[in-house]
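These are my notebook entries on a structure I opened today. I went through a helix, a strand residue and the pockets in turn.

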Amino acid sequence: MKEGKIDVVNPADGTVIKADIPVDTEEQIKTTFERAQKAQQSWASTPLESRKKIIAQFGSLMKRDEDQLAQTLTSEMGKPLKQARGEVAATQDRINFFLKEVDDVLKPSVRRSNDALQEEVRREPLGTIVNISAWNYPFFVGANAFIPGLLTGNSVIYKPSEHTLLVGQHIGRLLQEAGLPTDVFSVVVGGGVQASQLLKHSVDGVYFTGSLETGRKIAQQMAGKMVPVQLKLGGKDPTYVADDADVEKSARSLADGAMYNTGQSCCSVERIYVHQKVYDQFLKTFVEEVKTFKSGDPKNPETYIGPLTLPDRVKFLENQVTDAVKKGASIETGGKATSNGRVFEPTVLTNVNHDMLVMKEESFGPIIGIMKVDSDENALKLMNDTDYGLTAGVYTKNRERALGLMGKINSGTVYWNACDRVSPFLPWNGRKGSGIGSTLGIEGIVGFTRPKSYHIVGPK
């Protein structure tokens, strides 16, 4: 980002897609907040059915513009085109969930009633909220917050990542076309400085998805303001393959879970522990599957691994590989950037341990360490040996064995014979360094409201 301006750059080749987009000034941000705060009052009084119609129309417009949105996402972030189309299309599932469930969340809940009194709870919007979104899944991550936020009567100030700024502007355009009143949804252009300036104002809630480092800064800035702060942060998500697992299926599933979206998913598989009885067979199948993943131009429909969105991540991953090899790891495939220096080869490391960076710090790229273990107990201990707690999984044919292990894993989401999966029906939340608060699920609607208790006592 240049002084006062942003160039949108294609990570696949470094070309400038759009140059010199002005960054919002501190005064512009102040005006945006004041207008959003004023607009919220009338939006909150708009009937719920009217709000739902606008959001439903937004979903229809996304479907109409699906190709354009996917093309923009691929150009701006480097997501392979097939995967970009999948993200745009699947966002409708989240919209549909929120549209279906918001009525039940907002209807009064009678807790006690008799001839003398009625006690009930009603939920009200927070007010004007800030959604600081991520670049890796801008449609998914953004919709997780601004859709329920708008439906429940809040105004939303949306700060898209500077790496997917054009996607953010498309979202604002489509909401306006859908009929959303002016200033109920506003897009702020900028980076961390602009986000910090925005949070100086009397916002009524903050919803952030991004790194642990930035999440801590936001938490510190908001401390003492007494408003909800939800932070969806990083992960170092582990999976255990037990000795009775379907090795073929688990290997192919986990290869996809580790490498999909070029490994740049919040819930990408980042550590794999395999029981020694099936380790060799698992590793052979896993590496074979990874070697089928085509790397290169994200606009090629056959491409599975695209460029890293942030160019400095190439050196970061190279450092993880160097550190691991120095400490005794073996490279089964990959291990370096391709010739243009923007795509990192899908990389599999073995003979790894928890003294290595690749098994401790979040990679957020197409790299995985696979470690042999001799028991469920040892696997569980290693899985919980992390500063994060977003997702974790167990592959086994035994349901009770899986549930027993899943109950002892300290993470917000656990999987049996699955990985890298998010459902709008379930809350998405982390533990430890993976953050606080929930999006998605009923909890992800409630989190944009505040309760008010009614004690209704009629005249004697």
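Predicted model: local features only at pLDDT ≥ 70, side-chain atom pairs only at ≥ 80, totals over all residues.

**Entry on α3**

I then went back along the helix itself, which runs over residues 66-77, and noted that its 12 residues reach 16 Å from the first C-alpha to the last, close to the 16 Å expected at 1.5 Å a residue. When I checked burial, I found Leu 69, Ala 70, Thr 72, Leu 73, Thr 74, Ser 75, Glu 76 and Met 77 to be buried in α3. I next asked what covers these buried residues, and the elements I listed include the strands β1 (5-9) and β2 (16-22) as well as the helices α2 (48-64), α4, α5 and α6 (165-177).

**Entry on Thr 347**

I turned to Thr 347, which lies in strand β13, residues 347-350. Is Thr 347 buried or exposed? I recorded Thr 347 as buried because its relative accessibility is 0%, where the cut-off for buried is under 20%. Leaving aside neighbours within four places in sequence, I listed the contacts of Thr 347 as Met 259, Val 321, Thr 333, Gly 334, Gly 335, Lys 336, Pro 366, Ile 367 and Ile 368.

**Entry on the largest pocket**

For the largest pocket I noted a volume of about 1000 Å³ and a lining of 36 residues, of which Trp 135, Phe 208, Gly 210, Ser 211 and Thr 214 lie nearest the centre. Which elements each supply at least two residues of this lining? I found four entries to write down, namely α7 (192-199), β8 (205-209), α8 (212-222) and α11 (313-326), and the largest share, six residues, comes from α8. Sorted by class, the lining has 14 nonpolar, 13 polar and nine charged residues.

**Entry on the second largest pocket**

The second largest pocket has a volume of about 500 Å³, and I counted 24 residues in its lining, with Arg 94, Tyr 137, Phe 140, Cys 267 and Val 422 nearest its centre. The elements that give two or more residues to this lining are α4 (81-106) and α5 (138-151), and I noted that α4 gives the largest share, four residues. By class, the lining of the second largest pocket has 11 nonpolar, seven polar and six charged residues.

Notes
Residues numbered from 1 in each chain as written. Heavy atoms only, no water. 1 Å grid on protein atoms, 1.4 Å probe; cavity = no way out; pocket = protein on both sides within 12 Å on 5 of 7 lines; lining within 4 Å. Points joined across faces, edges and corners; volume = space filled by probe spheres on them. Nonpolar A, V, L, I, M, F, W, Y, C, P; charged D, E, K, R; others polar. Expected span 1.5 Å × (residues − 1). Buried < 20%, exposed > 50% of the residue type's maximum accessible area, 1.4 Å probe, protein only. Contact = heavy atoms within 4.5 Å.
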